[in-house]
Amino acid sequence: MAESHYKILLFMKRRPGMSLEAFQDYYENHHAPLCMTYASGMKRYERRFLTPHPNPDTGATEELAFDVITELWFDDEKIFRNTVAYLSTSKMPDAVVEDEKRLFDRGKTRMATVVERVSAFT
């Protein structure tokens, strides 16, 4: 039987006027620890910071649509589904919402879910 893992992917853009360096520093040293105080039932909490690079044909380095892909990992499907429902509402704690306003262009945030099926080789 295949093993299942569940993820929530959050695609987020930094607020206008904030450098990539300042964004990453604030996220890692302030926002992530704040969010951890509200997290329960997660297996992993990863931030994948994106850095644009030049196009090999044009040489142009263009702004990306997102600056980070945040992954929330779960082993328990019920906790995963409850977290998706919770994040899909505007009932986030005031402290998190206010901190997100300092960090993200919240109108550009997108969420997707992933169900991974892992088959073991024998």
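**View 1. Lys43, in the loop between α1 and β2.** In this predicted model, Lys43 is partly exposed because its relative accessible area is 44%; with a 1.4 Å probe and protein chains only, buried means under 20% relative accessible area, exposed over 50%, and partly exposed in between. Leaving aside neighbours within four places in sequence, Lys43 is in contact with His5, Trp73, Phe74 and Asp75, where contact means heavy atoms within 4.5 Å. The C-alpha atoms of Lys43 and Tyr6 lie 9.7 Å apart in space, although 37 residues separate the two in sequence. Helices (H or I, at least four residues) and strands (E, at least two) are DSSP runs, numbered from the N terminus. Local features in this predicted model need pLDDT of at least 70 and side-chain atom pairs count only at pLDDT 80 or more, whereas totals for chains, interfaces and linings use all residues. Residues are numbered from 1 along each chain as its sequence is written, and side-chain values use heavy atoms, with hydrogens and water left out.

**View 2. The open sheet of four strands.** The strands follow the order β2-β3-β1-β4 with antiparallel pairing, two strands being paired if DSSP finds at least two bridges between them. β2 (44–49) and β4 (110–118) are the edge strands, each pairing on one side only, and the twist averages 20 degrees from one strand to the next; axes here are lines fitted to C-alpha atoms, for helices over the stretch in contact, and angles run from 0 to 180 degrees between N-to-C directions. Strand β1 (residues 3–12) pairs with β4 over nine bridges, and within this pairing Leu9 has Ala112 as its bridge partner. On the way along the sequence, the chain follows the pattern β-α-β-β-α-α-β.

**View 3. β3, a strand enclosed by the rest of the structure.** Seven of the seven residues of β3 are buried, so the strand is largely enclosed. In a regular strand the side chains alternate between the two faces of the sheet. From β3, Val68, Thr70, Leu72 and Phe74 point one way, while Ile69, Glu71 and Trp73 point the other way. β3 and β1 pair in the antiparallel sense over seven bridges, with Phe11 standing opposite Ile69. Six bridges join β3 to β2, again antiparallel, and here Tyr45 stands opposite Leu72.

**View 4. Helices α1 and α2 across the sheet strands.** Helix α1 (residues 20–36) lies across β1, β2 and β3 (68–74) and runs at about 165 degrees to β2, whereas helix α2 (residues 77–87) lies across β1, β3 and β4 and runs at about 20 degrees to β1. At Tyr27, α1 bends by about 45 degrees, the bend at a residue being the angle between axes fitted to the seven residues ending there and the seven starting there. The buried residues of α1 are Leu20, Phe23, Tyr27, His31, Ala32, Leu34 and Cys35, and what covers them includes β1, β2, β3 and α3.

**View 5. Glu100 and the largest pocket.** Glu100 is placed in helix α3 (residues 94–103) and counts as buried because its relative accessibility is 15%. The lining receives at least two residues from each of β1, α1, β3, α2, α3 and β4. On a 1 Å grid over the protein atoms alone, a pocket is an open set of points where a 1.4 Å probe fits, with protein on both sides within 12 Å along at least five of seven lines, and lining residues have an atom within 4 Å of a point.

**View 6. His53, in the loop between β2 and β3.** His53 counts as exposed because its relative accessibility is 59%. Residues up to four places away in sequence aside, His53 touches Ala60 and Thr61.
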